[in-house]
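Open the structure in your viewer and follow the stops below in order. Each one says what to select and what is found there.

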Amino acid sequence: MISILKRVTLCKLMDPTTCVAASSRLSTLAQQLRLYKAPPSSYDEIEEQRVQENAGKIVSQLGFQESVTPIAQRLEKFRPKRAAVLICLFEGDAGDLRVILTKRSSGLSTHSGEVSLPGGKAEEGDKDDGETATREAKEEIGLDPSLVNVITVLEPFLSKHLLRVVPVIGILSDKSAFRPSPNPAEVEAVFDAPLEMFIKDENRSSEEREWMGEKYLIHFFDYETENKKYLIWGLTAGILIRAASVVYQRPPDFVEQNPKFKFPTVVSKDTVIP
C-alpha cells in the first residue's frame, strides 16, 4: 500500500534555506518512486505454504529478482512463503541519500554477524508488505512505523531457500526522531550507508559461481564507518543494487550477471539454490 509522504523537515538541525531544500529533495524522490511499478507477478494470489529460513529473518547468501527465474511455468510446485524487508532511506548531513542496515547478533546460530536489511516473514495480521517490513523494523531496531512513509515496493526476490522477499522502500524524513534500540537477541549494530554505493564499481568485488551449468556473480561491498568495517553481500547486496538502480534511474557501473535458473523438479521446505 502506498502512503503519502509527509513533509517533515529537518529545521531543528539546519537553517531554514537548507531545511526547505532537504524537504524538497525527499518530496521529489517520493513522487518519483510512486510512479515506479514493479514487474507483475504471476502468482500474487496463490495460497502460500510454509518455507523455513533463518527463523523468519531475511539473510541469505544468494537472492535474485523473480524475473530471472522461470517460476511462472511451475506454479503447481512453487508456493513460497512471503516476506518483506525495509529499505529505509533518509538524507544524510552531506545531502546524500542513505539506507539503514543492521548487523546480525554474533550469538545467532545462522548467519551471525552478517549485514541485513530489517525485515522478516509476513504474519497473518499484516495488511500488506509495508506493514510486514515496518513491524519487523520496530521489533529489530526500535524504528517507529509512524516515522516511515512507505512509498513503493520493488520486484520480489527469491532467496537461496526459495523464500519470496519483497523489498519495501520507505522514507524517514526526520532522522533525528529515530533513536536505534536494537533487539540484542537479533541485532548487534545499526548503521547506515550511502545508497549510491551499490551502483558504483568502488569497494566492490564479485565471485563467480556455477549452478547446473549456469554461471552467475555474487557481489560483495566493503564499507567502513566509525572505525567499523562491514561486508554487505548476497541477497542484501542484490536488493540494494536494484533499489539504487531504481532510485538513481540508471543501471550499476558493473555487470550483475544473473543466472538462467532451471527450476528444481521437486520443491520442498528443504529445497535450496546451491
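**A pocket and a helix**

Begin by selecting β9, a strand which supplies 4 residues, the largest share of the lining of the second largest pocket. Strands are DSSP runs of E of at least two residues, and helices are runs of H or I of at least four, both numbered from the N terminus. This is a predicted model, in which local features need pLDDT of at least 70 and side-chain atom pairs count only at pLDDT 80 or more, while totals for chains, interfaces and linings use all residues. Residues are numbered from 1 along each chain as its sequence is written, and side-chain values use heavy atoms, with hydrogens and water left out.

The pocket is lined by 13 residues, and V190, F191, D192, T225 and E226 lie nearest its centre. A pocket here is an open set of points on a 1 Å grid over the protein atoms alone, where a 1.4 Å probe fits, with protein on both sides within 12 Å along at least five of seven lines; lining residues have an atom within 4 Å of a point.

Now move to helix α3 (residues 234-248) and select S245 within it. Is S245 buried or exposed? S245 counts as buried because its relative accessibility is 11%, where buried means under 20% and exposed over 50%, with partly exposed in between (1.4 Å probe, protein chains only). Beyond its neighbours within four places in sequence, S245 is in contact (heavy atoms within 4.5 Å) with I199, R250, P251 and P252.

Finally, show the whole protein chain, which has 3 helices and 12 strands, and of whose 274 residues 51% count as buried.
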